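Hi there,

Here is the structure I promised to pass on to you.

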Amino acid sequence: VQLTTITAFDVAAPGMPHSSRCFAGGVEAIYVSAQHVYLAGSRYYWSGGETQLAIVAPAARTDIHKFALQGTQVSYRGSGDVAGHLGWDTEKKPHRMSEHNGDLRVLSFTGETGWLMATLTTADVPATPASPATLTVLRENTAQRQLAPIATLPNSQRPGALGHAGEQVYAVHFAGPQAYVVTFRRTDPLYVLDLSDPLDPKAVG
């Protein structure tokens, strides 16, 4: 059992008054915007694997919980989840999330096969692999205390995969209405995403 405590301090006031909220559950990534804190934890379902090669079942998902910061007050706002997980690199996991104009964008790894140290061969790649990456845009539903998905990429209108078969997400950089995604195998493909319309994200280059 893991407990995560968010504490806000007023460092300018005498005695540094503070308040806290406690979350019961595992947290593997924390993302903080100007007004919110997001706690993320992935649910892994290993269908196989060894030291260098990991196979993750398509059912893997990542739970995300949102808390608001107002002065020294910390309040719970809602929870949601996205397909896939945030990768194996602990330092890069928080960079898979970004808040813009109140919406949370999450870039998760949704491929079925990834690796920790080795490069995959063609034989390791499933015949019909999922997109190595999926972008999900979440918007807070205040009434239901929920982070509800309002868009994903790829989707039925824009089915192009973000990355080639056998690749996984190496790095992500969000910059306002754009996102830059690097996948990796033997070369480093770079994808530019236009997120200016949160209801219709698209790859533009």
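This is a predicted model: local features need pLDDT of at least 70, side-chain atom pairs count only at pLDDT 80 or more; totals for chains, interfaces and linings use all residues.

Four strands form an open sheet in the order β14-β15-β16-β17, and their pairing is antiparallel. The edges are taken by β14 (168-175) and β17 (202-203); each has a single partner strand, so one side of each is left without a neighbour in the sheet. At the β17 end, strand β16 (residues 190-194) runs antiparallel to β17 and is joined to it by two bridges. If you want a residue pair to look at there, Leu193 stands opposite Ala203 in β17.

Next, the charged pairs. How many salt bridges does a search of the whole structure find? The search gives eight. Glu28 and Lys93 form one through their side chains, at 2.4 Å from N to O. Glu28 sits in the loop between β2 (18-24) and β3 (29-32), while Lys93 sits in the loop between β8 (73-83) and β9 (97-100), so this pair ties together parts that are 65 residues apart in sequence. Glu28 is partly exposed, at 22% relative accessible area, whereas Lys93 counts as buried at 7%.

Another salt bridge links the side chains of Asp81 and Arg61, at 2.6 Å from N to O. Here both partners are in strands: Asp81 belongs to β8 and Arg61 to β7 (residues 61-70), so parts 20 residues apart in sequence are tied together. Asp81 is partly exposed, with a relative accessible area of 25%, and Arg61 is also partly exposed, at 29%.

A further one joins Asp200 to Arg158, with 2.9 Å from N to O. Asp200 lies in the loop between β16 and β17, and Arg158 in the loop between β13 (146-153) and β14, so the pair connects parts that are 42 residues apart in sequence. Asp200 counts as partly exposed at 25%, as does Arg158 at 31%.

Is Arg105 buried or exposed? Arg105, which lies in strand β10 (residues 103-109), is buried, with a relative accessible area of 3%. Its side chain reaches the backbone oxygen of Gly176 at 3.0 Å. Among the residues that Arg105 touches are Met97, Glu99, His100, Leu135, Phe174 and Leu195. Arg105 and Leu135 are 30 residues apart along the chain, yet their C-alpha atoms are separated by 6.9 Å.

Leu135 leads on to the nonpolar cores. The largest core has 15 residues, and those with the most contacts inside it are Leu107, Leu135, Phe174, Val181 and Leu193. Two or more residues of this core come from each of β12 (133-141), β13, β14, β15 (178-184) and β16. Leu135 itself touches, among others, Leu107, Ala151, Leu153, Leu162, Phe174 and Pro201. There is also a second, separate core of 12 residues, including Ile64, Leu86, Met97 and Leu147.

Best wishes

How values were computed. Residues are numbered from 1 along each chain as its sequence is written. Side-chain values use heavy atoms; hydrogens and water are left out. Two strands pair if DSSP finds at least two bridges between them. A salt bridge is a side-chain nitrogen of Lys or Arg within 4 Å of a carboxyl oxygen of Asp or Glu. Buried means under 20% relative accessible area, exposed over 50%, partly exposed in between (1.4 Å probe, protein chains only). Contact means heavy atoms within 4.5 Å. A polar contact is a pair of N or O atoms within 3.5 Å; within protein, one must be able to donate a hydrogen and the other to accept it, and residues adjacent in sequence count only if both atoms are side-chain atoms. A nonpolar core is a set of buried Ala, Val, Leu, Ile, Met, Phe, Trp, Tyr and Cys residues joined through side-chain atoms within 4.5 Å. Lists of a residue's contacts leave out its neighbours within four places in sequence.
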